[in-house]
Amino acid sequence: MIVCDQTPCKRATFSRQPDAHMVDEVFRRNDMSDLVLNDIKDGIRTITLNRPNKLNAVNDDLVVATLDAFREANADADTRVIIFRGAGRAFCAGYDLDDHAEGRSAQDVRFEIDRIQAITREIVLGNKVVIGAIHGWAVGAGFEWAIDCDLALWGETARGFFPELEWGLFLTGGATVIAPRQIGLANFKELVLLREKQSAVRLHELGLAWRVVPDDQLFAEAEAVAARIAELPTNALVDFKRISNRACYLDVEGAMALETEATIRGTLDPDSAALIKQFSR
């Protein structure tokens with residue numbers, strides 16, 4: 001099961017007959033104890049993606065564990081600020097193409113994409129400020145999660161890009177509304193359509209990276225920023241996070257709904273499956 005603050009999270013209970021997805025969730029959680037690390041110290045909670053051998057690439061289990069970790073953090077009165085990071089050589093290398101299974105139903109794909117979008121709700125619309133500590137690669141969903149953070153510090157050698165359209169897939173994470181607000185629609189279209197790998201310095205110039213720091217100082221800098229924010233009065237901090245994001249991204253739910261439909265279409269498209277299979281060889 002997921003372990004949060006050294007205490008096992010409660011196992012799901014059902015007030016009605018569980019469907020197949022709910023049963024799968026219970027058994028899946030029993031095998032995910034280390035996929036996402038979740039620690040708190042002095043009011044600063046650190047959520048760490050922990051598939052370093054896969055560069056923290058996103059699969060279904062990682063999504064479930066990440067969603068659990070953010071829900072736990074947002075519900076915890078002792079958590080003042082969240083730091084979001086990745087273990088190993090990368091923050092997150094995006095969708096794990098080895099995990100792409102053909103023949104899934106539209107219902108199954110929707111269930112999976114809805115969970116990914118739920119992570120965005122926790123990061124963007126939750127009541128805790130999220131500090132991103134981005135190193136190595138931030139690709140696809142990883143890039144989108146970095147953009148979702150309230151303040152994202154990038155290591156100087158980190159790089160990010162959107163590869164989704166190349167595989168016939170689509171973006172998630174509210175990126176279609178959040179990124180254009182930060183860098184303008186033309187710059188956003190450039191990143192998505194041209195799919196070029198962007199340096200941290202370039203992302204800082206565009207406005208997607210808040211601050212660029214030496215790689216070996218990244219986490220220390222993130223902790224220092226989090227500590228300063230944690231000093232603020234609780235109610236004022238929560239109100240600022242929730243109101244500023246809701247005011248700026250009033251249409252984020254609508255954008256995520258459109259993203260979900262486009263991602264489902266892409267995932268179920270045989271041409272996309274062929275492109276992914278060819279890329280994975």
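Select E253 and R121: they form a salt bridge (a Lys or Arg side-chain nitrogen within 4 Å of an Asp or Glu carboxyl oxygen), with the closest N and O atoms 2.9 Å apart. E253 sits in helix 10 (residues 252–268) and R121 in helix 3 (residues 106–124), so this pair ties together parts that are 132 residues apart in sequence. Helices here are DSSP runs of H or I, at least four residues, and strands are runs of E, at least two, numbered from the N terminus.

Before moving on: this is a predicted model, where local features need pLDDT of at least 70 and side-chain atom pairs count only at pLDDT 80 or more, while totals for chains, interfaces and linings use all residues. Residues are numbered from 1 along each chain as its sequence is written, and side-chain values use heavy atoms, leaving out hydrogens and water.

Six of them make an open, mixed sheet in the order 3-4-5-6-8-11; strands pair if DSSP finds at least two bridges between them. At the edges are strand 3 (36–41) and strand 11 (211–213). Zoom in on strand 5 (residues 81–86) and strand 6 (residues 129–134), which run parallel and are joined by four bridges. V81 stands opposite V129 there.

**Stop three: F84**

Pick F84 and list its contacts (heavy atoms within 4.5 Å). Leaving aside neighbours within four places in sequence, they include I47, F91, I131, W145 and C149.

**Last stop: one more salt bridge**

Finish at R181 and D251, whose side chains meet in a salt bridge (3.1 Å, N to O).
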